[in-house]
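Here is a short note on charged side chains that pair up. Please keep the structure open as you read.

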Amino acid sequence: MNIKNILIIISVIGALLAVKFFLFPSHSVTTNSLKQTKSGTNIVSAFVIKAEKLENTIYASGTILANEEAELKPEIAGKIIQLLLKEGSSVAKGQLLVKINDADFQAQLKKFQLEKDLSETQLKRQQELLKINAISQEDFEVIQNKVNTIKADMEYLQSQIAKTEIRAPFNGLVGLKNVSEGAYVTVGTVIATIQQINPVKIDFSVSERYSDVVKKGDKVAFTIEGNKKSYIGEVFAVEPRIDVTTRTLRVRAICPNSDGTIYPGAFARVQLSLNAINDAIMIPTEAIIPDLRGKKVYRINNGKAEFVKVETGLRTEAKIQITDGLVFGDTIVTTGIMQLKPGSAVKITEIK
């Protein structure tokens with residue numbers, strides 16, 4: 001083997017050793033590096049708690065409702081002989097809107113009226129005879145009972161005649177009619193609807209966490225689809241129970257609608273402004289660690305991380321309110337949380 005071949009072999013061996021050194025370091029070197037990482041200080045970012053103003057605003061989706069709403073339905077079957085309502089028109093409370101044929105009832109009422117007149121005449125005669133003992137008390141009571149029976153029958157007929165009339169239950173607007181004059185209707189047939197839309201009601205729901213802060217008289221701002229105007233209403237009633245399915249509290253507000261631009265059934269974007277909190281404890285939401293027993297954060301104490309159980313309140317886009325567990329001046333971990341354990345040494349590289 002000549003010197004040239006020996007040099008080539010030595011060069012190849014050197015190249016292979018270099019590749020092994022860089023790509024496959026020795027076990028001892030790798031182990032030492034891991035030990036240094038495990039024994040080193042954890043690098044984290046932190047947040048120092050200070051007093052912040054919390055605008056206590058609730059956003060919700062709602063529905064516009066008429067202040068009063070009713071379906072006009074007959075209580076008795078028959079043919080409509082008068083349909084006095086005009087679609088889309090205003091009506092006053094007590095105004096006659098629909099009249100159903102009551103000829104049979106009127107005839108019976110007239111018959112009972114004649115019987116009543118005759119029986120009352122007989123009753124007067126019997127009273128005179130009773131005074132001179134010409135008849136017994138029993139005979140007098142028989143004719144008296146007959147008069148009372150006829151009166152009861154007349155009252156019943158008058159109640160049936162009243163059912164042939166449909167009157168406006170309140171001041172409002174009549175909607176579109178579903179039948180025409182001359183149509184035969186049965187009990188429960190919807191002839192039309194009537195709604196009172198000044199004012200209107202706004203129904204919406206809020207999380208149960210706000211159940212103790214939403215009060216009657218709170219101002220409500222809302223907008224509706226297709227209308228750029230912002231309306232202001234006022235909470236006037238709160239459901240006295242929390243829905244067990246959605247865990248929400250139903251709230252109802254009221255708003256004037258004198259120009260009639262707010263229609264019942266419309267979708268409303270509701271904004272409820274409550275009292276602002278001037279000294280709230282707010283921390284970044286990423287600092288919260290969910291736990292089976294609640295929520296926790298890592299607080300830094302003398303260069304080490306410690307678990308602290310916290311109670312949360314209102315939430316904004318980036319932060320969440322802490323109502324218990326932390327105080328002003330505490331420093332909490334916001335990044336690098338996954339690698340921490342209680343008692344781990346930490347090094348802060350960024351403070352917000």
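1. First, the term. A salt bridge is a side-chain nitrogen of Lys or Arg within 4 Å of a carboxyl oxygen of Asp or Glu.

2. Next, the ground rules. This is a predicted model: local features need pLDDT of at least 70, side-chain atom pairs count only at pLDDT 80 or more, and totals for chains, interfaces and linings use all residues. Residues are numbered from 1 along each chain as its sequence is written, and side-chain values use heavy atoms, with hydrogens and water left out.

3. The whole structure holds 14 salt bridges. One of them joins Glu 165 to Lys 99, with 3.3 Å from N to O. This pair links distant parts of the chain, 66 residues apart. Glu 165 lies in strand S7 (residues 165–167) and Lys 99 in strand S6 (residues 96–100). Strands (E, at least two residues) are DSSP runs, numbered from the N terminus.

4. Lys 99 also forms a salt bridge with Asp 102. Their closest N and O atoms are 2.9 Å apart. Which residues make up the network of salt bridges that includes Lys 99? They are Lys 99, Asp 102, Glu 165 and Arg 167.

5. Now accessibility. Buried means under 20% relative accessible area, exposed over 50%, partly exposed in between (1.4 Å probe, protein chains only). Lys 99 is buried, at 8%. Asp 102 is buried too, at 9%. Glu 165 is partly exposed, at 26%.

6. Another pair is Glu 234 and Lys 219, whose closest N and O atoms are 2.9 Å apart in a salt bridge. Glu 234 sits in strand S12 (residues 227–242), and Lys 219 in strand S11 (residues 219–224). Glu 234 is partly exposed, at 33% relative accessibility.

Key:
Helix = DSSP H or I, 4+ residues; strand = E, 2+ residues; numbered from the N terminus.
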